[in-house]
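Please find below a short note for a colleague, to be read alongside the coordinates.

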Amino acid sequence: MTPNRRTLLAAPLALCAGGLAACDRFAAAEPTPPVVPPLKSVSPAPFGTAIKAMQIDDPDWVALARANVSQLTPEWEMKMEYVLANGLGRPNFDRTDRIAAFAQANGMAMHGHTLIWYSQGAEAFSGLTGAAFDRAFDGYIAAMAGRYRGKVRSWDVVNEPILDDGSGMRDCHWSARYGHDGYILRAFEKARIADPQAVLFLNEYNQESVPAKGAQFLKLVERLLKAGCPLQGLGLQSHLWIDIPEGVIAAYMRKIGQFGLPIHVSELDCTLRTDRRLDFRGQADRLAAQGARVTELASAFAALPKVQQFAFTVWGLRDTDSWYRQGAKDDGRDKPLPFDSFGRPNPIAAALAAGFQD
Ligand code: G3I
């Protein structure tokens, strides 16, 4: 997941290794917030954000969401880690029901995330084999996609099937039962039955930033389509970082666009931290590099044929809502999202508006 956590945790120490001067430079005065129109008004497609159920109780978050977004993706409470926390027999739908009701009450669309993911479900499915495993797998998808039929516009049916280095497909408890392509085919077929209207997506990160991973993803898409998989959309998570070379993002968007399928930029954020062992760049240099990459992504998305512009989703609204700013990972300074902790536009917001209006 972008720069690895160990490096990210080491980054603050490395920064200050250059002495107080470097720290002062990095902690330079905050830039004046740019003036940016509501993001949903400049985006060429529905503009979305990740949401946690508890944010519905935060009036500042609600106001910012109502002003800027028209689509919501549950950040974690629609996943097995929450839904199956009490086991397969006692699914928790309470928080996703609440998010669905909030979306409906506010005229926002909802994107389902995610039905089948390599990294979750092993515990709930442990001990199941053969037909029992099949019943649980098929039953989970039927229950989840069936419950939100007519409420979600689309689903990430399968999330992150490719190995980080792009050398192949991930092994997981799903592939152990059905094979690497088999579990994906089965998941899409069951989701299609459960919700014939939802647009069904395959979602992956680092496609644009790790060429081998992007290439592997595109080969998988080709195989799935040839096999008759009801794959209808491609999710480009876009957890970017500032050292992606110029032009790489736009080139990949053209490649992924060649299938003619709807594209969802599904989880945009751009951390200011990097994999570099010693990185003395100040905040201003990092923000400039971040803006260039985000504008490149927004502009490449806006250049897609209209029918392929499914939605553009940021993985949170305010910096402190970001997964990069939770717990031990938080360096207190990262600005990966469009708004600061007070809801004021960050440079990313201006970069998005610039890219959409290219
Ligand atoms: O809010 C609870 C807290 O009450 C509880 O005490 C704590 C202890 O477990 O958990 C907290 O919930 C955490 C939740 O994030 C909210 O912060 C969950 O444990 C934690 O697992 C969850 O992590 C999410 C992660 O996916 C795993 O589901 C992140 O928020 C979310 O940003 C991240 O999103 C993923 C996408 O789904 C797929 N692409 C990569 C992306 C980033 O990793």
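The points below concern a strand and its partners, a lysine, and a pair of helices.

1. Basis. The model is predicted, so to speak of local features a pLDDT of at least 70 is needed, side-chain atom pairs count only at pLDDT 80 or more, and totals for chains, interfaces and linings use all residues. Residues are numbered from 1 along each chain as its sequence is written, and side-chain values use heavy atoms, with hydrogens and water left out.

2. Strand E3. Strand E3 (residues 109–117) is largely enclosed by the rest of the structure, because eight of its nine residues are buried (under 20% relative accessible area, 1.4 Å probe, protein chains only). Strands are DSSP runs of at least two E residues, and helices are runs of at least four H or I residues, numbered from the N terminus.

3. Partners of E3. E3 runs parallel to strand E2 (residues 71–74), with two bridges between them; Leu72 has Met110 as its bridge partner. E3 is also parallel to strand E4 (residues 154–159), through five bridges, and Trp117 stands opposite Asn159. Pairing requires at least two DSSP bridges.

4. Lys213. This residue of helix H11 (residues 211–226) is buried, at 0% relative accessible area.

5. H11 and H12. The axes of H11 and helix H12 (residues 248–257) come within 11 Å and cross at roughly 10°; these axes are lines fitted to C-alpha atoms over the stretch in contact, with angles from 0 to 180 degrees between N-to-C directions. The two helices are therefore roughly parallel (angles under 35 degrees). Gly214, Phe217 and Leu218 of H11 meet Tyr252, Lys255 and Ile256 of H12.

Note on methods
Buried < 20%, exposed > 50% of the residue type's maximum accessible area, 1.4 Å probe, protein only. Parallel < 35°, antiparallel > 145°, perpendicular 65-115°, else oblique. Contact = heavy atoms within 4.5 Å.
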